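Please keep the model open while reading.

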Number of protein chains: 2
Amino acid sequence: MNRKGLAILMRTKMRPTTTPPISPSSEVGEIQSGSGSKNSDGNSSMALKTSDSLRNPEGDLKGVWESMHSAISMSKIDILDPVLKNFSEGYLKLSYEDRRKLLVILAREYDVRRNEVHKLIQQYLGLEFPSGDIMRETTHEEESLLSSFYRIERNLRHALQPKFEVLFEHLNTHPGGLKFMTGLRGDLLSMIAEEKVAALRALDSYLKEKLVTWLTPATLELHHITWDDPASLLEKIVAHEAVHPISNLTDLKRRLGIGRRCFGYLHPAIPGEPLIFIEVALLKDVARTIQEVLWDSPPSPESEATCALFYSISSTQPGLAGINLGKFLIKRVIELVKRDMPHVTKFATLSPIPGYMNWLQSKLASQLKIAEAENEDRTGSTFKEDILQPEEERALLKLSTEFTSGANGVEVMMNLLTSTNYEWAKSDKMVSVLRGPLMRLCARYLVIEKKRGKALDSVANFHLQNGAMIERLNWMADRSTKGLHQSGSIMVNYVYRTDKIEENAQLYFNEGRIQASSDIHHYLEKV
Amino acid sequence: MNRKGLAILMRTKMRPTTTPPISPSSEVGEIQSGSGSKNSDGNSSMALKTSDSLRNPEGDLKGVWESMHSAISMSKIDILDPVLKNFSEGYLKLSYEDRRKLLVILAREYDVRRNEVHKLIQQYLGLEFPSGDIMRETTHEEESLLSSFYRIERNLRHALQPKFEVLFEHLNTHPGGLKFMTGLRGDLLSMIAEEKVAALRALDSYLKEKLVTWLTPATLELHHITWDDPASLLEKIVAHEAVHPISNLTDLKRRLGIGRRCFGYLHPAIPGEPLIFIEVALLKDVARTIQEVLWDSPPSPESEATCALFYSISSTQPGLAGINLGKFLIKRVIELVKRDMPHVTKFATLSPIPGYMNWLQSKLASQLKIAEAENEDRTGSTFKEDILQPEEERALLKLSTEFTSGANGVEVMMNLLTSTNYEWAKSDKMVSVLRGPLMRLCARYLVIEKKRGKALDSVANFHLQNGAMIERLNWMADRSTKGLHQSGSIMVNYVYRTDKIEENAQLYFNEGRIQASSDIHHYLEKV
């Protein structure tokens with residue numbers, strides 16, 4: 001191929017065909033939310049996609065059920081490979097509806113042995129635990145009583161393990177079993193999102209606990225992903241980059257080249273496919289816009305870098321939702337960069353704020369409704385807030401005569417933000433009027449708005465629980481359609497101060513306290 | 001270094017100084033026994049060895065207790081590294097006695113939350129599980145009842161987890177934590193062997209379950225150990241080879257060279273130190289003596305090999321006693337060899353019979369006692385057996401006039417077997433007289449003598465549970481002092497028939513049935 005041909009190839013838009021579509025659930029925010037409830041678009045299960053085209057005769061459900069039953073009923077020795085192969089291959093060929101039926105059967109027919117539990121509870125309640133000083137020598141009788149006590153407790157613990165646990169344990173020793181189970185959990189999450197079935201939720205919660213145990217950081221290998229890696233691995237990166245999609249080979253090569261790093265966590269049982277990966281830019285200073293990260297050309301020399309900027313973190317396995325591998329990945333990458341490049345002293349992110357516009361627009365809408373009701377009833381509402389400050393109100397109303405309509409500032413703002421094609425972002429005038437209220441309200445959204453004591457924004461919650469602090473808001477930091485749609489162009493820098501990570505994480509975990517810079521607090525004073 | 005100097009170095013007897021002594025508990029038989037009760041010589045804990053020389057002031061126990069308490073009490077986020085470091089380093093500096101105190105505290109003070117368990121049991125007994133057809137649509141009320149039911153069950157399961165579980169989980173995410181816990185379990189096994197303390201046994205049984213979960217085959221990497229591996233890894237092989245000690249560098253190099261293979265299982269959290277390793281010889285036929293395996297020179301060409309002979313399997317971690325990693329290792333090695341060398345079709349072992357002489361001598365001793373009692377009482381005993389056949393009795397008595405003394409065949413045999421320096425093995429005459437009864441009784445020991453339905457011999461039990469069959473007994477197969485002492489020179493070939501492994505394992509597991517060749521059955525007919 002000549003030089004020109006190669007250049008064309010490298011710039012050709014990439015459309016992976018053998019890999020699943022990028023689903024919302026592979027975004028870091030989704031990984032962290034843990035509820036799986038946002039998978040309702042049904043995109044989350046890759047296995048599921050392939051199956052619908054291969055719909056099988058009805059009889060198959062029974063066959064798969066039989067191999068599932070064998071796998072659970074056979075004794076605990078290693079004679080299961082053909083049975084597990086039948087089961088997992090059979091499962092993948094089932095239609096979505098049949099999978100759902102099978103998982104309901106698994107959850108309910110192979111549940112906790114409740115008769116056994118009741119029997120053991122009766123035995124347990126019949127014994128009294130010997131009390132007294134723990135360091136005192138125990139008598140022979142006490143020791144034998146203690147032995148029975150511990151034995152019954154252990155038996156009770158085992159009896160409370162559902163019978164389907166055996167299937168999961170067997171699958172975990174089976175080649176490809178771990179990968180299969182993450183796919184199966186992807187299905188489960190879709191099913192639960194569609195309809196809350198208690199048995200399926202119990203199955204999911206159990207499987208999630210098992211996956212957490214198997215995917216301990218000790219078993220994960222940190223891999224520096226480079227242009228020398230196999231195409232089959234790089235293809236996974238392209239397919240699963242959920243934050244800033246990779247447009248072509250040139251884009252991919254740049255992200256793996258000078259001034260950039262990409263690290264993935266690999267599990268020995270799922271070779272060649274990082275479970276999660278992070279993209280890092282080595283910069284002279286903390287970047288303010290994603291444009292300068294994705295398209296700085298040429299990149300600044302690595303020897304001049306003082307900042308490692310995490311600009312993207314993506315999971316490849318929807319079935320691992322709610323299992324925080326990112327926390328360990330970030331920690332290990334910081335350690336690695338610190339060791340290899342002592343001149344890099346700042347560890348920051350340039351992060352999206354995926355829930356901001358959603359929150360703001362519903363806030364504005366509810367204020368408009370309240371105002372409407374007030375006009376009719378002429379009574380004051382306790383839910384009314386002064387969302388806008390007087391000078392913001394004035395500036396917006398002044399805008400309205402020129403560009404758009406609205407009876408008050410809130411209405412003007414609402415109309416601007418929801419206008420097609422984000423016209424406001426193309427007008428310097430509108431951009432400058434919106435900047436004030438949008439930045440101020442964004443600080444409020446990130447620091448003050450909470451759900452069960454945690455930051456409402458999923459990405460904020462992710463970095464805060466890992467021990468980061470909120471450093472800076474950046475206006476017009478992401479001008480892409482997605483950026484305008486999600487966060488009105490704003491991006492945020494979270495900073496990881498290595499000496500404060502543990503303290504911050506602890507404060508956030510225990511008290512929901514969020515660390516933020518003085519810049520951020522400055523916005524909040526105006527709220 | 002000149003050629004001669006190198007030759008001398010290579011033949012120098014190796015005495016690893018930085019590694020622990022080879023302890024009986026690292027032999028495969030011990031790994032499989034699972035009871036840990038044979039560690040009573042106190043050699044099993046390597047950490048322990050170093051500690052006694054570093055005895056610390058008494059105050060340390062309190063300090064280590066404090067860091068242990070912090071590690072358990074702090075919230076579940078990742079802020080624990082310094083605490084865990086303090087705890088694990090502090091523990092290793094404690095004297096054996098203080099470690100024992102600390103582990104008793106851990107087992108008893110951080111036990112199951114019994115008040116919580118009792119509270120949940122009351123809630124649990126108050127609910128009734130909705131019955132009926134599992135595939136039927138459930139009502140909204142049933143779903144909400146089911147939800148509470150599953151929730152209480154999950155909470156009960158969690159409450160039945162001792163508080164010390166948190167410590168183990170944290171340690172597992174901590175660098176070096178897994179290795180530390182195997183050392184800690186080594187200590188526990190020693191302590192339990194000395195004195196049966198119910199709390200320590202409960203702690204051990206719990207820790208063992210956790211280790212089994214963490215060390216699933218999926219997380220273990222099969223590594224082909226070669227002469228190109230780092231010396232630090234090869235040193236571990238020398239230190240832990242428990243079956244046929246490696247005498248010098250030439251011996252080691254041969255075991256890694258042409259016609260030989262050595263494979264180890266590595267866990268990512270314990271780098272450079274195989275948890276278990278197996279040594280394989282590629283031979284023209286199944287070997288009859290260990291001498292020809294260890295000292296065949298030159299080795300036969302690999303292209304002519306038809307048999308892969310497993311002649312040694314050793315564990316490096318006493319703290320993993322009772323956790324069968326060997327089963328998976330053998331299976332994977334068979335797969336690998338089959339793939340790489342299709343001309344190799346026989347997979348066999350040449351194995352020691354570590355418990356044979358022990359069993360035989362106590363059998364002989366009890367028969368002598370019974371005979372003595374009979375002579376005094378002149379009453380027949382129901383425990384009397386005809387251990388020897390008439391012609392064996394005659395041959396032994398004939399021997400006795402020439403070489404040794406004894407009133408009957410059993411006494412002559414006993415005297416021969418217990419004579420110093422195994423003199424009998426040096427006399428062709430005695431060797432030929434003993435061969436008949438020793439081989440016959442060995443077949444009986446391996447196939448018929450059982451304990452709880454399993455083979456009495458630990459190595460036999462190991463291979464049988466993995467699906468092997470007993471193929472052949474080999475006379476004068478191990479003339480070393482150890483070989484004469486343990487099994488009167490006999491070694492056994494177990495054979496893994498790849499098409500029968502699963503069936504054999506299943507039959508042995510379910511019914512204790514032992515598969516043996518017609519040769520072996522031939523011996524048994526004479527019993």
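How many bridges join strand β4 of chain A to strand β5 of chain A, and do they run parallel or antiparallel? The model is a predicted one, and in it β4(A), residues 307-315, and β5(A), residues 346-349, run parallel and are joined by four bridges. One pair to look up is C307(A), whose bridge partner in β5(A) is K346(A). Helix α15 of chain A, residues 326-340, packs on the sheet and touches β1, β2, β3, β4, β5 and β9 (491-496) of chain A. The direction of α15(A) makes about 35° with that of β3(A).

The sheet in chain A is open and consists of seven strands with mixed pairing, in the order β1-β2-β3-β4-β5-β9-β8. Its edges are β1 and β8 (469-474) of chain A, each of which pairs on one side only. On average, with direction ignored, neighbouring strands of this sheet are turned by 30° against each other. As background, strands of a sheet pair through backbone hydrogen bonds, either parallel or antiparallel.

C262(A) has its bridge partner E279(A) in β3(A). How well covered is β2(A)? This strand, residues 260-266, is mostly covered, with six of its seven residues buried.

Chain B can be read in the corresponding way. Seven strands of chain B form an open sheet of mixed pairing, ordered β1-β2-β3-β4-β5-β9-β8. Strands β1 (221-224) and β8 (469-474) of chain B are the edge strands, each pairing on one side only. From one strand to the next, the twist averages 30°.

Within this sheet, β4 of chain B (residues 307-315) and β5(B) pair in the parallel sense over four bridges. F310(B) stands opposite T349(B) in β5(B). To get from β4(B) to β5(B), the chain passes through helix α15 of chain B, residues 326-340, and this β-α-β crossover is right-handed. On to the next pair: β5(B), residues 346-349, and β9(B), residues 491-496, pair over two bridges in the antiparallel sense. There F347(B) stands opposite Y496(B) in β9(B).

The sheet is one part of a longer chain. Chain A has 23 helices and nine strands. It holds 527 residues, of which 43% count as buried. Among the contacts in chain A with a separation of 6 or more, 74% are between residues 24 or more positions apart.

Two of the helices illustrate the packing. Helix α6 of chain A (residues 96-109) and helix α11 of chain A (residues 198-214) pack at an angle of about 80°, and their axes are 9 Å apart. Since angles from 65 to 115 degrees count as roughly perpendicular, α6(A) is therefore roughly perpendicular to α11(A). On the α6(A) side, the residues that meet α11(A) are L103(A), V104(A), L106(A), A107(A) and R108(A); on the α11(A) side they are A199(A), L200(A), A202(A) and L203(A).

Another place to look is helix α1 of chain A, residues 3-11, where M10(A) lies. Is M10(A) buried or partly exposed? M10(A) has 13 C-beta neighbours inside 10 Å, so it counts as partly exposed. Leaving out residues up to four places away in sequence, M10(A) touches N248(A), L249(A) and T250(A). The C-alpha atoms of M10(A) and M191(A) are separated by 40 Å, and these residues are 181 apart along the chain.

The last topic is how the two chains are arranged.

The contact takes 43 residues from chain A and 43 residues from chain B. On the side of chain A that touches chain B, at least two residues each come from α6, α7 (114-125), α8 (140-159), α9 (164-173), α11 and α22 (501-511) of chain A. Helix α8(A) gives the most to this side, with eight residues. Of the interface residues of chain A, 100% are also interface residues in chain B, so the copies meet through the same surface.

Conventions:
Residues are numbered from 1 along each chain as its sequence is written. Chains are lettered from A and ligands numbered from 1 in the order in which they are written. This is a predicted model: local features need pLDDT of at least 70, side-chain atom pairs count only at pLDDT 80 or more; totals for chains, interfaces and linings use all residues. Two strands pair if DSSP finds at least two bridges between them. Axes are lines fitted to C-alpha atoms, for helices over the stretch in contact, and angles run from 0 to 180 degrees between N-to-C directions. A residue is buried if 20 or more other C-beta atoms lie within 10 Å of its own, exposed if 12 or fewer, and partly exposed in between; C-beta atoms are placed from the backbone. A crossover is right-handed if, with the strands pointing away from the viewer, the path from the first strand over the helix to the second runs clockwise. Two residues are in contact if their C-beta atoms, placed from the backbone, lie within 7 Å. Angles under 35 degrees count as roughly parallel, over 145 as roughly antiparallel, 65 to 115 as roughly perpendicular and the rest as oblique.
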